[in-house]
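Work through the exercises below with the sequence and the model open. Each task is followed by a solution in steps.

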Amino acid sequence: MSANAPRELRVGVVGLGWMGQVHSRALSRLPQHYPELGVRPRLVAVADPVVDDRTQRAAAAFGFEQVVTDWRELVARDDLDLVCVTGPNFIHRDVGVAVAESGKHLWIEKPAGRSSTETREVAAAVETAGVQSAAGFNYRNAPGVERAKELVAAGRIGRVEHTTVRFLADYAAHPDGALSWRFDNQYSGSGVLGDLVSHAADLARHVVGDLAELVADRATFIAERPEAVPGAMHYERGSGTLGPVGNEDYVSALLRFADGSRGLLESSRVAVGEQNHYGIEVHGTHGAVAWDFRRLNELRTCFAQDFQNASWSTEYVTPESGEMAAFQPGAANAMGFDDLKVIEAKRLVESILTGKAVGATIHDAVVAAETVDAIVASTESKGWVEL
Ligand SMILES: NC(=O)c1ccc[n+]([C@@H]2O[C@H](COP(=O)([O-])OP(=O)(O)OC[C@H]3O[C@@H](n4cnc5c(N)ncnc54)[C@H](O)[C@@H]3O)[C@@H](O)[C@H]2O)c1
């Protein structure tokens with residue numbers, strides 16, 4: 001191997017469902033988008049208890065060298081540098097802690113544990129081991145979000161007054177949506193809170209800043225669902241006996257940010273008509289910015305006009321914003337969801353190479369989990385809760 005040969009990054013993946021495949025794909029593509037990093041990920045082993053045709057085909061397509069059923073066997077290997085934790089929420093704490101304790105770097109999906117306690121345990125293990133971490137807050141990585149954050153920080157919309165962050169989905173809107181692990185707190189920890197509100201809280205914090213307090217409400221609209229087959233994916237329907245749904249479909253909250261600005265958060269997994277309606281709108285004294293995941297490559301702006309009768313413009317994000325230049329040469333050449341994960345992988349690899357955290361880490365997952373805790377506390381006390 002020549003002196004300039006790329007450094008190999010040996011990867012294990014725990015859970016080869018949707019996110020396991022997205023992480024694997026992101027790591028495979030890393031050298032194509034970021035050759036200058038000088039790192040070549042090698043997909044070594046995957047752990048998934050459901051070794052069926054789907055897992056086998058996926059593992060073969062990605063070129064994994066080994067498929068095992070028990071994640072402990074994977075974490076015990078001494079030939080891995082990085083492990084992706086992309087299984088259901090109930091394994092995140094144990095796998096995350098074990099990965100860090102074994103001295104491997106950690107890329108963990110949100111929510112990084114069923115509770116803030118579990119998330120803090122993963123964070124403590126990462127700290128103690130001195131390994132690097134990335135958490136799956138991919139929406140941060142969109143070039144349009146990066147530009148929105150820069151515009152807000154530069155004062156282009158003046159002092160922030162109020163923000164709306166919405167994460168609305170219909171993935172559980174059908175009453176026959178399978179009663180998978182996502183609907184049982186023993187396995188998921190929470191419903192739409194861990195799943196989408198964690199993203200919303202991180203996005204608002206990333207663009208505007210820390211939250212200071214909130215008051216919230218939550219509701220479960222579909223109280224029973226048909227049982228799922230093992231390994232059922234996110235969008236599957238069930239046909240078995242009906243069982244109870246153990247967590248919330250919907251959350252709303254009023255927010256007060258540390259800078260004194262106000263906000264509104266709304267999230268649903270049962271919103272008929274809404275698919276990935278994820279976005280943020282920030283209003284300041286002199287203008288506003290708005291980003292919507294469904295129009296990932298656009299940013300709506302309203303500034304440099306009078307206070308009244310100002311109108312919105314839509315700009316296509318250009319290669320000057322965020323990481324877009326690594327993907328497309330000019331505006332309106334669309335980037336997609338998977339690209340955000342390539343950026344997440346790039347930031348984690350930068351953290352590994354420099355020993356200095358870049359991008360969202362397990363510590364951001366702790367903040368998101370504490371926001372979820374505050375929402376739960378507020379719905380129970382029916383009052384404002386400080387963060
Ligand atoms: N960042 C995002 O935008 C985003 C999007 C979707 C899901 N997620 C998160 O990713 C995680 C996985 O979600 P998904 O949609 O990929 O789920 P999925 O159901 O598609 O995949 C989960 C996989 O984990 C496997 N699994 C189950 N038990 C396991 C165990 N004990 N050990 C190893 N593997 C196990 C399943 O067989 C399945 O293959 C969740 O925590 C979810 O919140 C994040």
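**Exercise 1.** Is Q132 buried or exposed? Describe its surroundings.

*Solution.* The model is predicted, so local features need pLDDT of at least 70 and side-chain atom pairs count only at pLDDT 80 or more, while totals for chains, interfaces and linings use all residues. Residues are numbered from 1 along each chain as its sequence is written, and side-chain values use heavy atoms, with hydrogens and water left out.

Step 1. Q132 has a relative accessible area of 11% and is therefore buried (buried: under 20% relative accessible area; exposed: over 50%; partly exposed: in between; 1.4 Å probe, protein chains only).

Step 2. Q132 sits in the loop between α5 (116-129) and β6. Helices (H or I, at least four residues) and strands (E, at least two) are DSSP runs numbered from the N terminus.

Step 3. Beyond its neighbours within four places in sequence, Q132 is in contact (heavy atoms within 4.5 Å) with H105, L106, L348, S351, I352, G355, K356 and A357.

**Exercise 2.** Which residues does A374 contact?

*Solution.* Step 1. Helix α10 (residues 362-381) contains A374, and A374 counts as buried because its relative accessibility is 5%.

Step 1. With neighbours within four places in sequence set aside, the contacts of A374 are L214, V385 and L387.

Step 2. From A374 to W384, 10 residues apart in sequence, the C-alpha distance is 8.9 Å.

**Exercise 3.** Describe the ligand site, starting from the residues that surround the ligand.

*Solution.* Step 1. The shell has 33 residues, and the closest are M19, D48, N89, K110 and N138; a residue belongs to it if one of its heavy atoms lies within 4 Å of the ligand.

Step 1. An N or O atom in the N138 side chain is 2.7 Å from a ligand nitrogen. A backbone N or O atom of K110 lies 2.9 Å from a ligand oxygen. A polar side-chain atom of H199 is 3.3 Å from an oxygen atom of the ligand.

Step 2. The ligand taken alone exposes 840 Å², of which the protein buries 93% (Shrake-Rupley method, 1.4 Å probe; for residues, only the protein chains shown count as cover).

Step 3. Two or more shell residues come from each of α1 (18-33), α4 (89-101), α8 (192-207) and α9 (337-354). The most come from α4, with three residues.

**Exercise 4.** How many disulfides does the structure hold?

*Solution.* Step 1. The criterion is a pair of cysteine sulfur atoms within 2.5 Å.

Step 1. The structure holds zero disulfides.

How values were computed: A polar contact is a pair of N or O atoms within 3.5 Å; within protein, one must be able to donate a hydrogen and the other to accept it, and residues adjacent in sequence count only if both atoms are side-chain atoms.
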